[in-house]
Amino acid sequence: MRYFLMIGALASLAACGGGGRGATGDISQACLAANRSAASPALCSCIQQVANQSLSGSDQARAATFFDNPQLAQDTRQSDRPGDERFWTRYRAFSDLASEICQPAGV
């Protein structure tokens, strides 16, 4: 399953020109607004494209809050609530895939 997800994400990135300035959404906007040194329009767009392939709209909105509030991510990861555990599994798969596909410039 993960293999097919990665192939689909790579195909969509190639179709969009490799993660340039095309994808906008909650994740991309939060990525750029976080003002992290490695963040760039291309990197944030790539991450958004992976999110579009692997997370629902509501999951994307929830994950976007982690850029501004990392403690919320930690609280979600440690939660025993079944809904949080299911979300964290989806989020972790997304973040692992984004880490594999999207590399900051100069890395």
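**Disulfides and helix packing**

The link of Cys31 and Cys44 is left-handed, with -65° about the S-S bond. This is a predicted model, and in it the two sulfur atoms of that link, a disulfide, lie 2.0 Å from one another. Cys31 belongs to helix 2 (residues 26–33) and Cys44 to helix 3 (residues 41–54), so the bond ties together parts that are 13 residues apart in sequence. Both cysteines of this pair, Cys31 and Cys44, are buried.

The structure holds 2 disulfides. The other joins Cys46 to Cys102, with 2.0 Å between the sulfur atoms. Its link is left-handed, with -85° about the S-S bond. Because Cys46 lies in helix 3 and Cys102 in the segment after helix 6 (82–101), this pair ties together parts that are 56 residues apart in sequence. Cys46 and Cys102 are buried. Helix 3 therefore takes part in both links, through Cys44 and through Cys46. When the bonded cysteines are counted along the chain, the pattern is 1-2, 3-4.

The segment that holds Cys102 follows helix 6, and that helix is the next element to consider. Helix 6 has 20 residues. From its first C-alpha to its last it reaches 29 Å, close to the 28 Å expected at 1.5 Å a residue.

Which residues of helix 6 are buried? They are Asp84, Phe87, Trp88, Tyr91, Phe94, Ser95, Leu97, Ala98 and Ile101. The spacing of such a list can be read against helix geometry. An α-helix has 3.6 residues a turn, so residues three or four places apart point the same way.

Helix 5 (residues 70–78) packs against helix 6 at an angle of about 115°, and the axes are 8 Å apart. Angles of 65 to 115 degrees count as roughly perpendicular, so helix 5 is roughly perpendicular to helix 6. On the helix 5 side the contact is made by Ala73, Thr76 and Arg77, and on the helix 6 side by Asp84, Phe87 and Trp88. By class, the residues of this contact are 3 nonpolar, 1 polar and 2 charged.

Methods:
Residues numbered from 1 in each chain as written. Predicted model: local features only at pLDDT ≥ 70, side-chain atom pairs only at ≥ 80, totals over all residues. Heavy atoms only, no water. Disulfide = S-S within 2.5 Å. Helix = DSSP H or I, 4+ residues; strand = E, 2+ residues; numbered from the N terminus. Buried < 20%, exposed > 50% of the residue type's maximum accessible area, 1.4 Å probe, protein only. Expected span 1.5 Å × (residues − 1). Axes fitted to C-alpha atoms, helices over the stretch in contact; angles between N-to-C directions. Parallel < 35°, antiparallel > 145°, perpendicular 65-115°, else oblique. Contact = heavy atoms within 4.5 Å. Nonpolar A, V, L, I, M, F, W, Y, C, P; charged D, E, K, R; others polar.
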